[in-house]
Amino acid sequence: MLINCVAYQEGKKLKDIAIEEISDYLEIPGCFVWVALLDATLAELEKMREEFDLHPLAVEDSWQSHQRPKIDEYGDSVFAVMQLVKMADDELSLGEVDVFVGLNYVLSVRNRSNDGFLGVRARCEREPHLLSQGAGFVFYALMDAVVDRYFPVLDELETELENIEEQIFIKGSARSNIERLYALKRKVMALKHAVAPLMEDTGKLYRGRVPRVCANSQEYFRDVFDHLTHINASIDTIRDTIGTAIQVNLSMVTIEESEVTKRLAAWAGIFAVATAFVGIWGMNFDVMPELRLKYGYPVALSAIALVCGILYRRFKKAGWL
Amino acid sequence: MLINCVAYQEGKKLKDIAIEEISDYLEIPGCFVWVALLDATLAELEKMREEFDLHPLAVEDSWQSHQRPKIDEYGDSVFAVMQLVKMADDELSLGEVDVFVGLNYVLSVRNRSNDGFLGVRARCEREPHLLSQGAGFVFYALMDAVVDRYFPVLDELETELENIEEQIFIKGSARSNIERLYALKRKVMALKHAVAPLMEDTGKLYRGRVPRVCANSQEYFRDVFDHLTHINASIDTIRDTIGTAIQVNLSMVTIEESEVTKRLAAWAGIFAVATAFVGIWGMNFDVMPELRLKYGYPVALSAIALVCGILYRRFKKAGWL
Amino acid sequence: MLINCVAYQEGKKLKDIAIEEISDYLEIPGCFVWVALLDATLAELEKMREEFDLHPLAVEDSWQSHQRPKIDEYGDSVFAVMQLVKMADDELSLGEVDVFVGLNYVLSVRNRSNDGFLGVRARCEREPHLLSQGAGFVFYALMDAVVDRYFPVLDELETELENIEEQIFIKGSARSNIERLYALKRKVMALKHAVAPLMEDTGKLYRGRVPRVCANSQEYFRDVFDHLTHINASIDTIRDTIGTAIQVNLSMVTIEESEVTKRLAAWAGIFAVATAFVGIWGMNFDVMPELRLKYGYPVALSAIALVCGILYRRFKKAGWL
Amino acid sequence: MLINCVAYQEGKKLKDIAIEEISDYLEIPGCFVWVALLDATLAELEKMREEFDLHPLAVEDSWQSHQRPKIDEYGDSVFAVMQLVKMADDELSLGEVDVFVGLNYVLSVRNRSNDGFLGVRARCEREPHLLSQGAGFVFYALMDAVVDRYFPVLDELETELENIEEQIFIKGSARSNIERLYALKRKVMALKHAVAPLMEDTGKLYRGRVPRVCANSQEYFRDVFDHLTHINASIDTIRDTIGTAIQVNLSMVTIEESEVTKRLAAWAGIFAVATAFVGIWGMNFDVMPELRLKYGYPVALSAIALVCGILYRRFKKAGWL
Amino acid sequence: MLINCVAYQEGKKLKDIAIEEISDYLEIPGCFVWVALLDATLAELEKMREEFDLHPLAVEDSWQSHQRPKIDEYGDSVFAVMQLVKMADDELSLGEVDVFVGLNYVLSVRNRSNDGFLGVRARCEREPHLLSQGAGFVFYALMDAVVDRYFPVLDELETELENIEEQIFIKGSARSNIERLYALKRKVMALKHAVAPLMEDTGKLYRGRVPRVCANSQEYFRDVFDHLTHINASIDTIRDTIGTAIQVNLSMVTIEESEVTKRLAAWAGIFAVATAFVGIWGMNFDVMPELRLKYGYPVALSAIALVCGILYRRFKKAGWL
């Protein structure tokens, strides 16, 4: 579905153009075309391939969708695959945006995502001196918008981790902690898959031999790279912390079990003693003088209570009860 | 066993030729020969070595089979070992295809696998403009076909992992989860062995100094590399997830055991109390007034029941029962 | 908030100048300006951007604060983000200092931290032969001051680890050990985030192509790099040790539990034997000759005591009690 | 001990020569000398050093033996240390072979190993066209022979791992599994120490700047490198699998223990109920009507049996028994 | 404290000189000065700085002591920090030696260590042809001496590990094993800190651009590098083995506990059966015919013994007892 198809010159919008006119405008010097598609059909992609003379492999990758993020060069043009990540109902929803950038055009194809980039276009049109840098700057603006959307997701993951950490030393929460940590780990890995490959490939846009379309905007791409590095490092910390938290949680369960075992042992001991005593006086020997005493029974009960009491205090002191 | 032996010129099939004619056709400019063997005998390989002037070490590697995937250069020619991976009856079956590529020939030797590459040949012959790029493109087409077969295997492994994950927090499934995770880990490692070395060596086909036969098809080999990278990253995630899952599973077992211990402790406590009480009234003291009461017995039973009931409620409340 | 704004020439302080004069003084050959801000407002940063002609992206990064440490080059100028780390009430408090360095100026912006760098300025002014090396040396002096503040934090973390290690083999401290190890891990990770990225980027200041402002002070920056490497290596050791300590702690808990289980088993055994014996003599068979004996009761008690005693000694010997 | 000392020319054996003649033959153009020593004495090494003009450090390394595998260049000559690994009585036995290679000589010193390299010499002498490539090819042939001996060791380790894996889910085998896994790990690490450093250094023999003596045989050394890479990757997989297997084994022990605990709890519960019941009817209350009934006793026994039976069935159903 | 201050020419000792004469002798062509200090004071270091014209940062590092091992270049001179490691009373004692090397001088400063390098000086003076290579060779000789002292420490650590390994499968030694493994890990980490950074920096002395003072002795420094690599690899293996050993130890504890639990369960079962039986015959029903039989009592005892015996044999068979 076509969202926009606009021609720009010297940083200013010329006019909305028809798809068929694209190749004409591409021939006008100093003019560049910026097209945005949503969930493009094969026919639309094919049309774009013709108008912009895109590389067939790039178009194929865009059509297959569900690609790993990457930035590939095809001659003078650049093809970028980025993932759109969003938190919805405690689940990560993944979209994709593919960007084809040439010296005088930008084509973005958004898939499985409702959040458009109209804000990017508006911002670019408000700042003609930046837009006049051409396709490279638009490419940066799109990347920047995509990467900016990773931050709130990262924040939610960090908040979730902190919430779990508050529970980690609380007795009886081990099972739910483990479940939440495992679910968190999965989301973190999903975000990692969106960020890490993109980060690696973004490095190629500002250092070493830089694609021609990005040559004037290197410092901007380094800024994007810095952001991605920041996110990636935070993700690694979360992963590392989840690993430790699972280990710690296991320790806590073992400690709790150990405490229960001790308590069980203590009570079992106290009652075993009482049972042994009452058993003794339940024996049927003919000659058991204490059984004949007037106060034998209350004295026996008191003796049992006393022994149990002493045991109780000793266990209490030893921290078993 | 010979499958095909065809000479091509300018992207079009000339004709099926006899093995003995190969060296003759190799001398015709603009002509290239594409031979496919299946489970080749030593004699066949030796014949091929003579016709194509292959390097003895490459032929030896092909004969030994069970090689690690790799792409080696011998002067102007390239020798590639790739593993064919397939899911059969919940087990990975491994085959191998060795490809010898020269400036004007491609020789593929398939071992221990029933899935041929006739589709690749048909596709190439349908697109003369691509086939006319020569041996490099055929090499790409074969690699692409091999790599494409890794995806369904990867999907099955991911599905298996998801199935296990659904069981991971269900009580009583720990043993089967562990067994399935361990079996999955083995399959994942087998796929990793097919993918990772191939990925590393494929990098040499599109960046830096590229073998001459691949020089025109660099973008295609990068595409293969991207796919392998994608698969490899997915494998690493599965491995990482299996590791975490085993750890989590261990935690769940420990938690379950802890719960059983608590329940055991609770019931043991309740019955220990009852046993101690009945033991008391089983003692043989002469003077035990309550034994003489008319309703002593039912009152005693009620008292025991009451105490046990109170304990039961407290344990219930504490979550032990 | 402006802290200082001073112009220097040939290593000596010329005079405090007004913010508006900065751009004038920058044009005087051999003169350089050193400005220090605290929790700068957007307006102040904007003013600085104009006077020093700073890059908008650097200013934006400084304004957003909470950046990952980094050292970026913008043409001939350098922009550094460093974290200020301090121990306060057993918690790490994090501040930030951003430094803009040009050929003839240094601008430092300190955020969320009360510890200023007046000492650095005083030290520089005391050593004109060093200060006359210009902005690069001031940059080094600031970095050195920041890095020097990491050492006491590292020492506190190492001390805390040693304190925990003294507890690790002491029974009954497992729970608090785990909690302290987990808290320590979090602080260590925070310090790591301050140190590791800075270390990586500092490498760019002394080897390979060095930014022009740092060219005369390479050996000084290598010294900073050495210190950061030292801290980073110590952090990695602490992390590794924490990991091992958690594992060891888990082992200790399991061992303790195992000992408790053994003791429980031993006492349970002793009392089970006693209970079984007294039960036997509590049976109501008509013909039980021993019950009729005069000394049957004391002999029975002695027999029980003897058997229990033997068991007790055997368990003692086996290390179960 | 001298094994062989032979001079070759143009790929053919000239004759066995005396040690003293070595330096004379080295001066004959196109002639090269191949000497094999076994457990050389210091005097023998010193003699060799003089005849071949070996570097003192290399000779010292060879004398000290127990070196890490390595390949060092000394000017135009190469010094290689390789470990000979062999399975003997379920233990790895380690030998060492040091090879000094110059433009026109090869000296091999074998230590602590009975398996000589006569086969290598025989094979080389059978193929004059290869032997005429000179010292580099002999060096390759020796390396190839050493590396080929790693494969059966690797196979035995893999077989041992498979044997353990078959036991891993069998109850009651945990202790022996752990012991065998630990012993296997040690052997694997020993093989790793033989393979990994050699692999790294072999890389220097075929890519980048290659030592002059190896220059004509690069493809052969790459083949050795491929084999070492293969072995190394297999070792890493075994290590990884051992790690997982230990973890899984621990899980199995915990699961088994959990099952035992459950069974214990179930039987304890059944008997506790029975004991409480019989205790009730063992009380001495005057008025306990059921005790007076004619069929009280069998009814009571039946009641107890019934209750226990119900419990038994419920536990059975819950999988505890 | 000054240990030695000697001038050498052409590999031979000229004479002991006074500190004040150093700068004079440095000007004599072909002459070099070798000074050894022990626990130098700030004044001594300052004096040295003047005489040798050392870099202030290097002197500062030497004064601060407790540095990470490193090798830094300052123009044509080299500054090396090495740690002296020694086993004393089962503890690692750490010293430090700092070496300043210039084209015609070597200054070594030893701290916190009683083991001097007189042997190194004696050895150098015995071999004038090596000593005449100048400061680089002396530097190598010092490094070699330092590194040679790591080997006995490594041996002790390996012996300790083997001692622990012999205990690892012995019951009841888990606690002491864990404590010893943890203590060993700490010592291993300390040795690692001495070795790993030195190894990394030593690489710079023999490959790539080599400092001028080391240029003639590259093969010697590679030899040192080989030794450090060997030690480092052995350390990594020890670490890895410790990790596995801790894991295995935990498994053994769990297995032992599991065995204890089983035995407990078995004995508890046997006695529970006996107790239930005697309880039955302790009931007070009026009509219990077996109680009236003449041989009821011995028959009952035999029956109980029989049942317990059967249980005992079954548990024995199942491996629980």
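Chain E is superposed on chain C by a rotation of 72 degrees with a shift of 0.1 Å along the axis, at an RMSD of 0.1 Å. The superposition is by least squares on the C-alpha atoms of residues with pLDDT of at least 70 in both copies. Two copies of a chain are, in general, related by a rotation about an axis and a shift along it. The residue of chain E that comes closest to the rotation axis is Gly282(E), whose C-alpha lies at 4.8 Å.

This is a predicted model, in which local features need pLDDT of at least 70 and side-chain atom pairs count only at pLDDT 80 or more, while totals for chains, interfaces and linings use all residues; side-chain values use heavy atoms, with hydrogens and water left out. Residues are numbered from 1 along each chain as its sequence is written, and chains are lettered from A and ligands numbered from 1 in the order in which they are written.

Chain D is superposed on chain E by a rotation of 72 degrees with 0.0 Å of shift along its axis, and the RMSD is 0.1 Å. These two copies are thus related as by a five-fold rotation axis. In chain D, the residue that comes closest to the axis is Gly282(D), at 4.7 Å by its C-alpha.

**Domains and surface of chain A**

Chain A is divided into domain 1, residues 1-131, and domain 2, residues 255-317; the bounds come from an automatic or database domain assignment. The centres of the two domains, taken over C-alpha atoms, are separated by 83 Å.

Met1(A), Ile3(A) and Leu118(A) make a nonpolar surface patch of about 290 Å². Patches are made of residues with over 30% relative accessible area and no salt bridge; like charges are joined within 9 Å and nonpolar side chains (Val, Leu, Ile, Met, Phe, Trp, Tyr) within 5 Å. Accessible areas come from the Shrake-Rupley method with a 1.4 Å probe, and for residues only the protein chains shown count as cover. A salt bridge is a side-chain nitrogen of Lys or Arg within 4 Å of a carboxyl oxygen of Asp or Glu. Met1(A) itself is in the segment before β1 (2-9) of chain A.

**Strands and sheets**

Strands (E, at least two residues) are DSSP runs, numbered from the N terminus, and two strands pair if DSSP finds at least two bridges between them.

| Strand pair | Sense | Bridges |
|---|---|---|
| β1(A) and β3(A) (31-38) | antiparallel | seven |
| β1(A) and β2(A) (12-16) | antiparallel | four |
| β1(D) (2-9) and β2(D) | antiparallel | four |
| β3(B) (31-38) and β7(B) (105-111) | parallel | six |

In chain A, Asn4(A) stands opposite Ala36(A) of β3(A), and Val6(A) stands opposite Asp16(A) of β2(A). β1(A) and β2(A) form a hairpin with two residues between them, and Glu10(A) in the turn has a positive phi of about 45 degrees.

In chain D, seven strands form an open sheet of mixed pairing, in the order β2-β1-β3-β7-β6-β5-β4. At its edges stand β2 (12-16) and β4 (70-74) of chain D, each with a single partner strand, so one side of each is left without a neighbour in the sheet. Neighbouring strands of this sheet are turned by 20 degrees against each other on average, direction ignored; the axes are lines fitted to C-alpha atoms, and angles run from 0 to 180 degrees between N-to-C directions. Ala7(D) stands opposite Lys15(D) in β2(D).

In chain B, an open sheet of seven strands has the order β2-β1-β3-β7-β6-β5-β4, with mixed pairing. Within chain B, Val33(B) stands opposite Tyr105(B) in β7(B).
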